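Please look over the sequence and the model shown here, and keep both at hand while reading the report that follows.

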Amino acid sequence: MNPVDELAALFEGEGGAEYLGEEVTQAEHMLQAAALAEAEGAPAHLVAAALLHDIGHFHGTVTGRDLMEGGLDNRHSHTGADWLARHFGPEVTEPVRLHVAAKRYLCAVEPGYFGLLSEASVHTLRVQGGPMSPEEAGRFEERDGARDAVLVRRWDERAKDPEHPTPGFDHFRPLLEGLLVRD
Ligand code: FE
């Protein structure tokens with residue numbers, strides 16, 4: 001199957017599931033994150049990263065989220081990034097990989113960021129390891145895609161508004177097609 005069709009099927013299927021206690025579904029959350037990125041004029045690879053950042057939460061071919069709900073980190077950022085790496089380059093996959101670390105990073109370096117987190121996000125922060133130490137934050141800044149991951153993280157945090165108009169998956173198809181790595 002064409003990878004973009006495969007993604008569309010995930011958004012339409014698993015994506016309709018509740019998003020860990022938030023007021024939007026998993027798919028709405030990701031579509032909204034991408035819409036926020038697009039509205040800010042972000043480059044295509046970042047709109048895609050925002051759109052796909054939580055793909056690792058989905059069941060089926062990607063991973064399960066049962067562990068997460070049981071209070072354990074299901075490492076969704078890594079499983080998602082590894083799965084995406086079959087079809088997209090590092091400019092898309094690495095911000096996805098680092099978007100959970102970016103939350104821990106922002107909690108460490110930005111006073112006030114913690115206060116912006118939703119209740120569910122505070123809960124997951126705990127299982128993801130809590131705020132970074134200054135040393136960890138320094139190492140994070142050195143990683144490829146770290147700066148982009150911070151941008152994705154900020155859209156992620158804002159993309160939980162049930163009132164926000166959200167485009168459908170098809171809106172992003174051409175952008176995704178343009179980023180596919182073909183061998
Ligand atoms: Fe998210």
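## Two helices side by side

Helices α5 and α6 are roughly antiparallel to each other, a label given to angles over 145 degrees. This is a predicted model, in which local features need pLDDT of at least 70 and side-chain atom pairs count only at pLDDT 80 or more, while totals for chains, interfaces and linings use all residues. Residues are numbered from 1 along each chain as its sequence is written, and side-chain values use heavy atoms, with hydrogens and water left out.

Helix α5 covers residues 76–84 and helix α6 residues 90–97, and they pack at an angle of about 170° with their axes 8 Å apart. Helices here are DSSP runs (H or I, at least four residues), numbered from the N terminus, and axes are lines fitted to C-alpha atoms over the stretch in contact, with angles running from 0 to 180 degrees between N-to-C directions. From α5, Ser-77, His-78, Gly-80, Ala-81, Asp-82 and Leu-84 take part in the contact, and from α6, Thr-93, Val-96 and Arg-97, where contact means heavy atoms within 4.5 Å. The residues of this contact divide into three nonpolar, four polar and two charged; Ala, Val, Leu, Ile, Met, Phe, Trp, Tyr, Cys and Pro count as nonpolar, Asp, Glu, Lys and Arg as charged, and the others, Gly among them, as polar.

## A crossing pair

The axes of helix α7 (residues 99–109) and helix α10 (residues 146–158) come within 8 Å and cross at roughly 85°. That makes α7 roughly perpendicular to α10, the term for angles of 65 to 115 degrees. The residues of the contact of α7 with α10 divide into seven nonpolar, one polar and five charged, and among them are His-99 and Tyr-105 in α7 and Arg-153 and Asp-156 in α10.

His-29 lies in helix α2 (residues 26–39) and His-53 in the loop between α3 (44–52) and α4 (66–69), so the pair ties together parts that are 24 residues apart in sequence. Both His-29 and His-53 are buried, that is, under 20% relative accessible area (1.4 Å probe, protein chains only).

Terms used. Buried means under 20% relative accessible area, exposed over 50%, partly exposed in between (1.4 Å probe, protein chains only). Angles under 35 degrees count as roughly parallel, over 145 as roughly antiparallel, 65 to 115 as roughly perpendicular and the rest as oblique.
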